[in-house]
Amino acid sequence: MYSRRDFSKLGIALAGGLATFKGLSRTITPGMAEGTRQKFEVTKTDEEWRKTLTPEQFEVLRKHGTERAGSSPLDANYAPGTYECAGCALPLYSSETKFHSGTGWPSFWKPLDNAVGTSSDNTYLMTRTEVHCRRCGGHLGHVFEDGPKPTGLRYCMNGVALKFVPKATG
């Protein structure tokens, strides 16, 4: 029979193992985005990024954080325009490919050509496909295979990682 003490020890060991596993799965190398092995066109030190990004943008774009579901006003935005990287202003998605996924994050079925890159994300004891800005390596979100036609993909993006630029009128 197991005691409460045995379960407490197991919980502490599992928590420590998860923290170690998460730490090992993300490596920071100068000139490269956290968690990737690629070099990017736009590179800055953490100090330089902190000067241009809000604390929440820094946490998501540079440290692979995730904003709280339903917290971004961009989730409910369906105006015509373009969604750019909040880190380097590279155009990433057209409003024409945006759809309501019901997840609480802005979702798209296709990025603009040559806008994003992907890498394997093995954190939290699962494998997902991370989506990052092609130019600065900023973490945008993840892509899943449960989206609408024609691609069947759902690019589930952190709204704080994006900046919406309305389509010019006139």
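In what sense do β7 and β8 pair, and over how many bridges? The two strands pair in the antiparallel sense over 4 bridges, and V143 has Y155 in β8 as its bridge partner. Helices (H or I, at least four residues) and strands (E, at least two) are DSSP runs, numbered from the N terminus, and two strands count as paired if DSSP finds at least two bridges between them.

The model is predicted: local features need pLDDT of at least 70, side-chain atom pairs count only at pLDDT 80 or more, and totals for chains, interfaces and linings use all residues. Residues are numbered from 1 along each chain as its sequence is written, and side-chain values use heavy atoms, with hydrogens and water left out.

Strands β7 and β8 belong to an open sheet of 6 strands with antiparallel pairing, in the order β3-β4-β8-β7-β6-β5. Its edge strands, each pairing on one side only, are β3 (98-99) and β5 (116-121).

Strand β1 (residues 81-85) pairs with two other strands. With β9 (residues 162-166) it runs antiparallel, joined by 5 bridges; here T82 has V165 as its bridge partner. With β2 (residues 91-94) the pairing is also antiparallel, over 3 bridges, and E84 stands opposite P91. The hairpin of β1 and β2 has 5 residues between the strands, and A89 takes a positive phi near 65°. Of the 5 residues in β1, 4 are buried (under 20% relative accessible area, with exposed over 50% and partly exposed in between; 1.4 Å probe, protein chains only).

Residues up to four places away in sequence aside, the contacts of L92 (heavy atoms within 4.5 Å) include Y83, E84, C85, P111, L140 and L162.

The structure holds 0 disulfides, a disulfide being a pair of cysteine sulfur atoms within 2.5 Å. The sulfur of C85 has its closest cysteine sulfur in C136, at 3.7 Å, and is therefore too far away for a bond. Both cysteines are buried, C85 with a relative accessible area of 1% and C136 at 2% relative accessibility.
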